[in-house]
Amino acid sequence: MCGIVAYIGPKDATPFLLEGLARLEYRGYDSAGVAVAGRTGGIKLRKVKGRVADLAAAVPARFKGTTGIGHTRWATHGVPSDANAHPHLDNAERIAVVHNGIIENADELRAKLTADGAVFRSETDTEVLGHLIAAHATEGVELEEAVRAALGKVVGTYGIAVLDAEQPDRIVVARNGSPIVLGIGEKEMFVASDVSALVRYTRQVVHLEDGELATVRADGFRTFTEDARTTHRQPSTVDWEIDSYDTGGYEHFLLKEIHEQPGSVERTLGGRLDERFATAHLGGLNLDARELREIRRVKILGCGSAYYAGEMGAQLIEELARIPAHSEPASEFRYRNPVIEADTLYIAVSQSGETYDTLAAVQEVKRKGGRVLGVVNTVGSAIARECDGGIYLHAGPEISVASTKAFTSTVVAFALIALHFGRIHDLSPADGRRIVSALKALPDQIREVLAQSDAIAGLAAEYAGSEGMMFIGRVRGYPVAREGAQKLKEISYVHAEAYPASELKHGPLALISPELPTVALVPDDELLDKNLTTLGEIKARSGRVLAVAHRRPETKLADHCILVPKSEPELDPLLLNIPLQLLAYHAAVALGRDVDKPRNLAKSVTVE
Ligand code: AGP
């Protein structure tokens with residue numbers, strides 16, 4: 001979704017702004033813009049509907065300034081257009097603002113500002129900020145005071161960066177629900193909504209807290225609260241590798257991230273397995289054994305793939321710890337006035353740690369006195385900070401919009417949680433050892449699946465032209481089917497339905513035809529015979545079947561088969577999912593899709 005960058009220092013800001021915006025492209029956007037202020041006075045502004053490359057082409061050589069802000073916009077208020085792109089100026093063209101988030105009382109503020117003489121040039125909620133700050137930036141008022149006063153009138157969420165032509169020696173930034181990171185350089189400072197934009201320039205960062213502002217100058221920064229109290233923030237070091245932000249020789253980030261999974265799973269497991277007691281060490285949960293024994297239910301909250309990973313997590317927790325567990329879309333949860341029970345443990349799942357619906361669900365649970373843990377990839381993100389404890393995935397930055405390695409690491413994290421809870425309850429040492437060994441074997445088993453990438457590309461080319469695809473699985477296989485269908489539709493735009501295999505004859509069997517092939521998850525477990533019966537029913541209706549299985553079904557039951565190495569039954573879903581990632585990837589490539597930035601989607605959905 002929207003992205004923010006800013007620079008102040010001795011150099012020309014524009015190259016950093018354009019490169020930083022290009023680094024944020026993966027988040028999804030429809031327009032981009034930059035504004036700079038500098039020695040010659042006044043603000044220079046360029047903004048376009050389209051890509052960052054279009055913006056770069058529109059920026060003239062004389063577009064120079066040592067202080068600047070930039071933005072990629074994902075339209076919420078008003079269509080994608082040059083006028084609606086950020087930055088937005090006040091009428092005197094003194095103040096420039098970029099903004100992520102939503103100003104909820106924008107209509108009311110717009111009416112008031114218009115009555116006071118402001119002339120609006122866009123349909124955005126953001127433009128009110130420019131006029132509002134300008135209204136407070138009267139003679140002798142410091143920019144930070146004007147911003148603070150303006151924000152006092154605003155209801156909503158924001159991450160903002162503000163430039164003032166009359167005070168070009170500073171940028172003022174603020175955060176309330178939308179991330180802002182300061183990057184500390186040598187006599188220069190960077191700002192971004194996401195560390196990926198600035199990690200090439202500095203590893204020393206400060207993540208602003210909600211309700212915090214900062215005045216950023218070339219030689220440092222000062223942070224303070226909305227009621228003007230100074231805060232003291234220690235920089236932290238970004239430990240993600242710089243090459244995580246490059247495709248590293250792969251054709252797409254998605255393919256690279258799929259292939260990174262043996263390593264990312266190793267990092268999720270790193271130092272957490274305890275072979276002696278056949279359990280997992282998860283100190284970050286902040287729950288001792290006694291507190292854990294009092295938990296009667298687990299409720300998992302996440303959106304999209306995070307929700308599906310939560311479904312796999314719920315099954316792991318029920319099976320290994322025998323605690324009832326259930327996953328629910330965070331986006332629905334918070335709107336149904338949920339009952340929060342003292343003996344229920346809530347677990348929020350998010351790769352980005354920024355998803356607004358998930359964050360709001362966490363806040364709803366906490367407001368009602370519930371306890372929430374986070375399973376989050378991005379260190380220091382809003383959801384991670386809001387939770388009472390949790391597990392970081394350490395999967396590394398995920399750039400492609402479609403989640404793959406973070407999904408897999410989330411399931412691994414749930415296996416660790418389930419093992420830990422299970423060993424505190426009734427999971428035997430022998431079963432604990434069985435799971436520990438299976439977890440250790442995962443990276444090599446994932447490598448075995450990845451080695452089939454070319455063969456899967458061949459199958460994808462064969463199936464990609466279908467009018468749609470059905471994904472089916474039973475019990476443990478059903479969340480795999482859901483995630484497989486999600487991946488295919490999200491990046492290839494091929495319609496995909498996921499059903500429990502057991503439900504097929506209660507309706508969707510009517511869809512089966514040669515034009516609608518079925519991807520069937522057929523693990524070698526206690527439900528194998530039932531799954532094979534379902535394949536027979538599909539074949540009897542001239543359906544085509546691509547089986548993802550541990551053993552090749554008879555040719556009369558499946559037209560094609562992808563073989564996956566066997567793990568323990570509880571962990572099989574994780575491995576069965578990997579070929580579906582490759583299937584979706586190769587189908588998207590075969591259809592010529594924009595694999596890493598599929599249409600209409602954003603990497604982090606930071607608005608409602
Ligand atoms: C996954 O492929 C999707 N892009 C999407 O469903 C995503 O998982 C969802 O928006 C949640 O994101 P989060 O994990 O960053 O919270």
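Contact here means heavy atoms within 4.5 Å. The legends below describe a predicted model.

View 1. Along the principal axes, the C-alpha trace of the protein chain extends over about 80 × 55 × 45 Å. A compact globule of 608 residues would have a radius of gyration near 25 Å, and the 26 Å of the protein chain agrees with this. Buried residues make up 61% of the 608. Among contacts with a separation of 6 or more, 70% join residues 24 or more positions apart. The exposed surface comes to about 22700 Å², with 49% of it supplied by carbon and sulfur atoms.

**View 2. An open sheet of five strands with parallel pairing.** The strand order is β19-β18-β20-β21-β22. Strands β19 (325–329) and β22 (389–392) stand at the edges; each has a single partner strand, so one side of each has no neighbour in the sheet. From one strand to the next the twist averages 20°. Strand β18 (residues 297–302) runs parallel to β19 and is joined to it by five bridges. In this pair, Gly302 stands opposite Pro329 of β19.

**View 3. Helices α9 and α13 against the strands of the sheet.** Helix α9 (residues 305–321) lies across β18, β19 and β20 (344–350). The angle between α9 and β19 is about 170°. Helix α13 (residues 405–424) lies across β18, β20, β21 (371–376) and β22. Relative to β20, α13 runs at about 160°.

**View 4. The largest nonpolar core, of 90 residues.** The residues with the most contacts inside this core are Val298, Ile317, Ile347 and Leu439. Helix α13 contributes 13 residues, the largest share. Apart from neighbours within four places in sequence, Ile347 is in contact with Val298, Lys299, Ile300, Leu301, Ile317, Leu373, Val375, Phe414 and Ile417. In soluble globular proteins, nonpolar side chains tend to be buried together.

**View 5. Strand β23 (residues 469–473), covered on both faces.** Five of the five residues in β23 are buried. Met469, Phe471 and Gly473 lie on one side, and Met470 and Ile472 on the other. In a regular strand the side chains alternate between the two faces of the sheet. Strand β24 (residues 496–500) runs parallel to β23, and five bridges join the two. The bridge partner of Gly473 in β24 is Pro500.

**View 6. Thr355 and the residues around it.** Thr355 sits in the loop between β20 and α11 (356–367). Its relative accessibility is 15%, and because buried means under 20%, Thr355 counts as buried. Leaving out residues up to four places away in sequence, Thr355 touches Cys303, Ser350, Ile383 and Val605. Of these, Val605 is 250 residues from Thr355 in sequence, while the two C-alpha atoms are 5.1 Å apart in space.

How values were computed: Residues are numbered from 1 along each chain as its sequence is written. Side-chain values use heavy atoms; hydrogens and water are left out. Two strands pair if DSSP finds at least two bridges between them. Helices (H or I, at least four residues) and strands (E, at least two) are DSSP runs, numbered from the N terminus. Axes are lines fitted to C-alpha atoms, for helices over the stretch in contact, and angles run from 0 to 180 degrees between N-to-C directions. The radius of gyration is taken over C-alpha atoms; the globule rule is 2.2 Å times the number of residues to the power 0.38. Buried means under 20% relative accessible area, exposed over 50%, partly exposed in between (1.4 Å probe, protein chains only). Accessible areas come from the Shrake-Rupley method with a 1.4 Å probe; for residues, only the protein chains shown count as cover. A nonpolar core is a set of buried Ala, Val, Leu, Ile, Met, Phe, Trp, Tyr and Cys residues joined through side-chain atoms within 4.5 Å.
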